[in-house]
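Thanks for coming. I will go through one structure today, from the whole chain down to a few residues.

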Amino acid sequence: MAANTDDIRASVSKDIAALQQEVSRLQKMISAQGAEAYYEVRGRAGKAYDEALPRAKNAVAQIRAEGAAAAGAAREHAAATTTALVLAGALGFLAGYLLSGHSQPQPRHWWH
């Protein structure tokens, strides 16, 4: 019976060693695939950045040009710009005032 127990232990030890080798092999395979996926995603991100950069620079240049044109127009027509800003502020204040009066709930007393 002791020999049978020793045979079982030896068999289990061999199985455990084989499983450890298989786990090690799988870890190496997963690591290699993860590294490959990382470099692939990194390459795609780099290409997307390189493609988007010229468009972004063009958009920034257009925004600057439009901002400069708007500032120039505001300087040339200072009175009209001031009037438009005051009117927009007054309309905003009036809208806020009207909306604030309607949005408050009616007070409820505990005896109702």
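I start with how the model was made and read, then turn to overall form, surface and single residues.

This is a predicted model, where local features need pLDDT of at least 70, side-chain atom pairs count only at pLDDT 80 or more, and totals for chains, interfaces and linings use all residues. Residues are numbered from 1 along each chain as its sequence is written, and side-chain values use heavy atoms, with hydrogens and water left out.

The protein has two helices and zero strands; helices are DSSP runs of H or I with at least four residues, and strands are runs of E with at least two. Its radius of gyration is 37 Å, whereas a compact globule of 112 residues would have one near 13 Å. That radius is taken over C-alpha atoms, and the globule rule is 2.2 Å times the number of residues to the power 0.38. Along the principal axes, the C-alpha atoms fill a box of roughly 105 × 65 × 10 Å.

Now burial. Of the 112 residues, 1% are buried, where buried means under 20% relative accessible area and exposed means over 50%, with a 1.4 Å probe and protein chains only.

Arg 64 sits in helix α1, residues 2–76. Is Arg 64 buried or exposed? Arg 64 counts as exposed because its relative accessible area is 64%. Its C-alpha atom is separated by 69 Å from that of Ile 16, 48 residues apart along the chain.

Phe 93 belongs to helix α2, residues 78–102. Phe 93 is also exposed, because its relative accessible area is 65%.
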